[in-house]
Each structure stands twice: as structure tokens, then as C-alpha cells.
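Subject: Structure handover: domains and ligand shell

Hello,

Here is the structure for your work. My notes on the domains and the ligand surroundings follow below it.

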Amino acid sequence: KITLFWFRRDLRLEDNTGLFYALQQEKNVLPLFIFDRTILDKLEDKADARVEFIHSQLIEIKSQLEKKGSTLLIKYGKPEEIYVALLNEYDIQAVYTNRDYEPYAKERDAKIETILKEKGISLFSFKDQLIFEPGEILNGSGDFYKVFTPFSRNWLDKYHHTKVQTLEAPNWKNLHFVDSLKAISLKEMGFEETNIQIPPKVADQDIIRHYDKTRNYPAQNGTSRLGIHLRFGTISIRKLVQIAASLNETYLNELIWREFYMMILAYNPQVVERAFKPAYDQIPWRNNTEDFQAWCEGNTGYPIVDAGMRELNATGYMHNRVRMVVASFLTKHLLIDWKWGEAYFAKKLLDFELASNNGGWQWAAGTGTDAQPYFRVFNPDSQTEKFDKELKYIKKWIPELGTSKYPKPIVDHKFARVRAIETYKQALNQ
Ligand code: FAD
């Protein structure tokens, strides 16, 4: 009999809760990863750096496991079908995994649990990707928090009263010892290699230590660039939070935002389609496709917006300050539905995370959990003046700035500001 440990968004061998307990409690543990066609088939661009990144991490994990005498089973297909096949192929004792809180993941796991249960097999799941998972931080009435500040206060209080520790090395002796298995290649799944660089998997202590002073300036190397590693679990959140707690409160606060948005999504799965504040679904977006195209390509004539979009298109990354500016510009200046921008980011961002992306977009559009009034519209020029005064960031991405090749502003700022406020006001007064 074997026990499966099912990797999903926790692609590391060290400090991996589910893997640790599988190896502590069971014998013959065989690790598994499924390239899920339900997700992959929806990706239009087959040169996807995230798929490539996952693949490379799996090859690395597989080779480490092979050094220990085991291997990694890598499957490609729909999870339910894969499990049915695995049940035929192996005599399975139990399945261990780490919990995933996204709506699709919860539905998938429920289906797999049913398939396993029919055969009398248990699915054991563990908390791993968060310090506190949805339901652990609740307000005085036992309900979820709708605003961030009290959530973060409660989070910090609980953190300081809980011993959050990283795990020691697992009991590798309980791995299932087998010959190496062949891994599927990117090409066999219809994907291609890209030339996009993945930021290193290191929590740079210097950056984190000075984070509160540097994080708002896109021309500086002042943020950790760990988004993709948190997304796929190539680093452990417990380890990172320990570093953050000892070095920089502001940085820790950002990690709490991550948990806040995951909690919001878990309690409000409807936000994927709709505004967190339902009244805001009434906004009559202009949704002009030419304007949207200009925004996507970085040709709006607003340098800070265009620099951000060009950075995103070229690297799969955009600085947080600039994400806020481009998102505000799309929703307020151009009156384009935040869901269009959200979907574009989802395609392009290496660190795409459904909960944070949705939260960030709804924040910018003023439709989300934030108490900020909708009539605050970011002024791209004053954002530039504050955060990229010397135009270093902008010039890096717009070499033709100041020449006739650079487009004229797509819309006048003052006009757009008044139009946005009027549109929101009318929609909300209905
Ligand atoms: P750092 O500034 O070094 O922060 C460290 C980590 O904290 C991040 O990697 C991230 O996991 C977390 N974090 C930081 N800020 C936030 C935040 N505001 N909300 C939630 N978590 C945060 N973040 C994503 O991880 N995925 C997304 O898809 C995403 N989409 C966004 C869309 C919009 C419109 C906006 C305004 C923000 C979005 N963010 C998203 C939040 C933030 O911009 C990124 O987390 C950050 O820029 C990633 O760079 P970094 O790794 O250097 O982060």
C-alpha cells in the first residue's frame, strides 16, 4: 500500500506541512503533482512563464526526491480522471495535501474526496499557505472582517500569542522507494519556453529591512519580488513571516493583506464576478475597446500608466504603486469595467493570485472592501511627481518620451475625473 502526497501550490520539500505529516504518519509516501487541464486549457498563450516555472520547480523537486530513492509522479489531465486511473494503478492507503481556498480548488477537492471516500480512502488536508486561514480571524460577533485594519490588528495579536514555527526535516525514510519515472515535458503539454526571468527565491534581508522607505518608488529595487514564490509555495510563508516580524512591520503588513484578501474571497466567492459592494454593479462602464487596447499596450499618452503596462507586458511584473495607478486609470479615467483589467493582469502577472488581484482591482475601482470614497481619483501626474520625480522609471520603459512618436493623452485628466465622479454618483443614487 502507498500513500500519496498531492502537491498543488506548495512546491517545496522543506517546511511543507502536508508532506511533513504524511511522512510522519504513513509509510511508502509517493509525492504527486497533476498538471490540471481544466486550468491549462484555458490559457490562450502557450508561452506562459508560470507554467514553465511550475514545470522547472517540479523537475527540481523530482531530482531531489530521486536522490532520496523515491520520485515524483507527474500527471497531466483532469484531476478526477487522474485519480480514477491512480486508484486502478496503485493500492492507495490515504492521500495527504495542503488546503487551497480558491473557489475552483475547493470544488475540485470536494470531488476528489468523494471519489476517494467511495473506496474507503481518507483525504487529509493541512493548513500551509497561510498563517491564519479563513475562519481563524473573526470579529467580536464571530463574523468575517469586512475592512482590513481591524483584521490586521486581530491577526497581529493572534500571531504574537501563537507559536508559529517552521517544521524540522521530514522523515524521508517513509518515502516510497521506486525507480525514477519519466516527467512530461512542457512541449508534450502544448506549452513553450519563454524568455521571462523569474525573480530569485530569496528573501533579501536588506530589501525587507528598508521596505517601508523604498516600497513606493518604482525606479528602486525596493520590494521583495517574492510574489510568484508565495503564489506557488516555493517559499514558506512561516519562514517569511518570521523574517518580516523581526525586520519590518510594513512588510509584515503586506503579508497580512495577502491573508485578508484570501479570507475575503473564501467568504465571498461572488466577488470573482461581482462588486464586493453590490450597489457598484450598477456603474454603466463605457467599455470602449480602442481605449482598452491603448491601455493594454501602454499607449494612453499618460507616461506613468504606459510605463507600468509596458513593464507588465515585457516582464510579467509591475510595481505595486504603478498597479494602483494603472488600475485607477482604467476604471476611473476610461470608465472600463475593473473585470477587464483584472482579466488582463491575470493573463500577464507572474505573481497572479486570484484573491489579491481581485482585491486590488476592486480597491482601485472603489467597489471593494475599502472605506475610501469613490470620488478619490488618482492623478497620474501627481503620482509621478511623488513617486518618480526624476522620471527614471518612466524613461526606462518609454524611450520615445518627449518625441512625436509618443501618443497624446487619450483623455483629458480634469474632464475624465469629473466624468468618473458623475458616473459613479448617478449609478449609486439610483
Ligand atoms: P512586496 O511589496 O515585496 O510584498 C511582499 C508580498 O506581500 C507580495 O509578494 C504579496 O504576496 C504580498 N502583498 C504585497 N502587497 C499586497 C497587497 N496589496 N495585497 C495582497 N498581497 C500583497 N499581488 C499578488 O500577489 N497577486 C496579484 O495578482 C496582485 N494583483 C494586484 C492587482 C492590483 C490592481 C493591485 C493594486 C495590486 C495587486 N497585487 C497583487 C498586490 C501587490 O501589487 C503585489 O503583491 C506586489 O506588487 C508584488 O510585488 P512583490 O512581490 O515585490 O511584493
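In this predicted model, the chain splits into three parts: domain 1 covers 2-127, domain 2 covers 130-165 + 204-267, and domain 3 covers 272-425. Between the C-alpha centres of domain 2 and domain 3 the distance is 25 Å. Their contact involves 16 residues of domain 2 and 19 residues of domain 3.

On the side of domain 2 that touches domain 3, two or more residues come from each of α9 (227-232) and α11 (249-267). The largest share on that side is from α11, which supplies five residues. By class, this side of domain 2 holds ten nonpolar, three polar and three charged residues.

Now the ligand. There are 27 residues around the ligand, and those that come nearest are Thr-223, Ser-224, Asn-320, Asn-357 and Gly-360. Four elements, α9, α11, α14 (320-333) and α16 (354-365), each give two or more residues to this shell. The top contributor is α16, with six residues. Sorted by class, the shell has twelve nonpolar, eight polar and seven charged residues.

Which domains does the shell around the ligand draw at least three residues from? Domain 2 and domain 3 each provide at least three.

Regards

Notes:
Residues numbered from 1 in each chain as written. Predicted model: local features only at pLDDT ≥ 70, side-chain atom pairs only at ≥ 80, totals over all residues. Domains from an automatic or database assignment. Contact = placed C-beta atoms within 7 Å. Nonpolar A, V, L, I, M, F, W, Y, C, P; charged D, E, K, R; others polar. Near = placed C-beta within 6 Å.
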